[in-house]
Amino acid sequence: MIKETGLMDQLDRQLLQALQLDGRTPFSRIATVLGVSDQTVARRFRRLRTEAGLRVLGVADESRLGRSNWIVRLQCTPDTAEGLAGALARRPDTSYVALISGGSEVTCAMKPRSRADRDELLLNRLRRTPRLAGFSAHCLLHRFYGGRLGRLAKTGALTPEQQAALRPAPVTGTGTATVDDLDEALLGALFRDGRATLAELQAATGQSEDVLRHRLDRLRTNGVLYFAVQYAPEHLGHDVDAMLWLTVTPSALSTVGHALAAHPEVEFAAASTGPANIVASVSCRDTEHLYRYLSDDLGALSGIQSAETTLTLRRIKQLALGIA
């Protein structure tokens with residue numbers, strides 16, 4: 001259960017990691033693997049949903065659909081930052097919006113569905129925003145960690161044997177996938193509730209359960225659909241979040257990126273366009289932990305020419321832990 005300190009116990013962590021592996025795993029299967037009753041798993045899930053903001057989200061992997069992901073940094077006056085962040089959070093094409101150090105910067109991860117949508121935001125709407133001192137847009141070129149690989153995979157709550165028992169069938173699709181209107185409707189319903197029953201999905205799409213079951217299997221095996229777990233990170237003892245903007249020698253991009261992916265603190269890491277050619281999101285227990293991470297773990301990596309660290313004051317929108 002969630003203790004008075006707000007921290008989750010081992011069973012809570014196991015449940016979260018099980019859901020990260022497969023968000024639609026039946027509670028009965030999770031219970032068997034963890035050696036507890038179905039009722040215990042269901043009770044823990046309800047408590048985590050109420051007290052830690054737990055949500056299971058069905059997420060479309062935009063890269064499998066040939067779409068690009070962007071991170072935008074916006075500098076503005078402190079009195080307009082919250083309003084701007086709120087407006088960005090209401091957009092359906094944003095997955096993460098946060099107020100950054102000092103309250104005069106907003107960081108936004110966006111997933112435009114088309115080039116026209118991208119240009120509408122970057123070239124038109126943002127440039128007309130009042131009191132915007134400046135902004136920079138960074139296209140994500142290659143993801144080292146994040147997406148279907150969540151931070152919960154690094155908790156070690158489940159043994160390798162338990163992970164194998166809960167892991168879904170591997171993705172077999174290659175190349176760019178396509179989706180039709182029914183797929184889009186199904187993805188939308190799963191985004192609202194990744195654990196929605198087939199009956200609930202039928203009500204949302206008007207399709208039979210057999211059709212939906214087939215569509216679900218296809219979207220998962222071709223890599224378009226995965227499930228992410230959203231929760232309040234402080235319940236795992238993570239009180240300090242930060243963004244790292246690293247300028248890395250091009251020949252060291254792959255080495256540094258894969259090293260970051262292995263660090264327990266890293267929720268997300270990707271190569272990007274711009275002077276800082278690797279962007280990463282880290283979560284630490286406190287500022288001392290962040291300092292040790294920067295000086296020891298990050299400092300040990302060769303090829304990093306400069307590093308900018310920005311603290312996350314508040315996450316306004318967070319579809320899942322990490323950025324994209």
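Over the ring of which residue does the charged end of Arg 195 sit? Select Arg 195 and Phe 45: the charged end of Arg 195 sits over the ring of Phe 45, 5.8 Å from its centre. A charge counts as sitting over a ring if NZ of Lys or CZ of Arg is within 6 Å of the ring centre and within 35 degrees of the ring normal.

The model is predicted, so local features need pLDDT of at least 70 and side-chain atom pairs count only at pLDDT 80 or more, while totals for chains, interfaces and linings use all residues. Residues are numbered from 1 along each chain as its sequence is written, and side-chain values use heavy atoms, leaving out hydrogens and water.

**Phe 45 and its partner**

Ring centres of Phe, Tyr and Trp (its six-membered ring) must lie within 6.5 Å to pair; planes under 30 degrees apart are stacked, over 60 edge-to-face, and the rest tilted. The structure holds one such pair. Phe 27 belongs to helix 2 and Phe 45 to helix 3, so the pair ties together parts 18 residues apart in sequence. Helices (H or I, at least four residues) and strands (E, at least two) are DSSP runs, numbered from the N terminus. Phe 45 is buried, at a relative accessible area of 10%; buried means under 20%, exposed over 50%, and partly exposed in between (1.4 Å probe, protein chains only).

For another charge over a ring, move to Arg 73, whose charged end sits over the ring of Trp 245, 4.3 Å from its centre.

**The cores**

Next, select Leu 16, Leu 19, Ile 30 and Leu 201, which touch the most other members of the largest nonpolar core, a set of 37 residues. Such a core is a set of buried Ala, Val, Leu, Ile, Met, Phe, Trp, Tyr and Cys residues joined through side-chain atoms within 4.5 Å. Helix 1 (10-21) gives the largest share, five residues. A second, separate core of 22 residues includes Val 240, Leu 246, Leu 260 and Leu 301.

Around Leu 16, leaving aside neighbours within four places in sequence, the contacts (heavy atoms within 4.5 Å) are Met 8, Leu 48, Leu 54, Leu 152, Val 229 and Tyr 231.

**Helix 9**

Select residues 209-221. Helix 9 has 13 residues and reaches 18 Å from its first C-alpha to its last, close to the 18 Å expected at 1.5 Å a residue; the expected span is 1.5 Å times one less than the number of residues. Leu 212, Arg 215, Leu 216 and Leu 219 are buried. Seen down the axis of helix 9, these fall within an arc of 105°, so they line one face; the arc is that of the directions from the helix axis to the C-beta atoms. They pack against helix 7 (181-192), helix 8 (198-205) and strand 6 (225-230). The face turned away carries the exposed Asp 210 and His 214. Just after helix 9, Gly 223 takes a positive phi of about 85°.

**Helix 11**

Finish at residues 287-298, where His 289, Leu 290, Tyr 293 and Leu 298 are the buried residues of helix 11. Their arc is 100°, so they line one face of the helix. Among the elements covering them are strand 7 (240-248) and helix 10 (253-262). Thr 287 and Tyr 291, both exposed, lie on the face turned away from the buried side.
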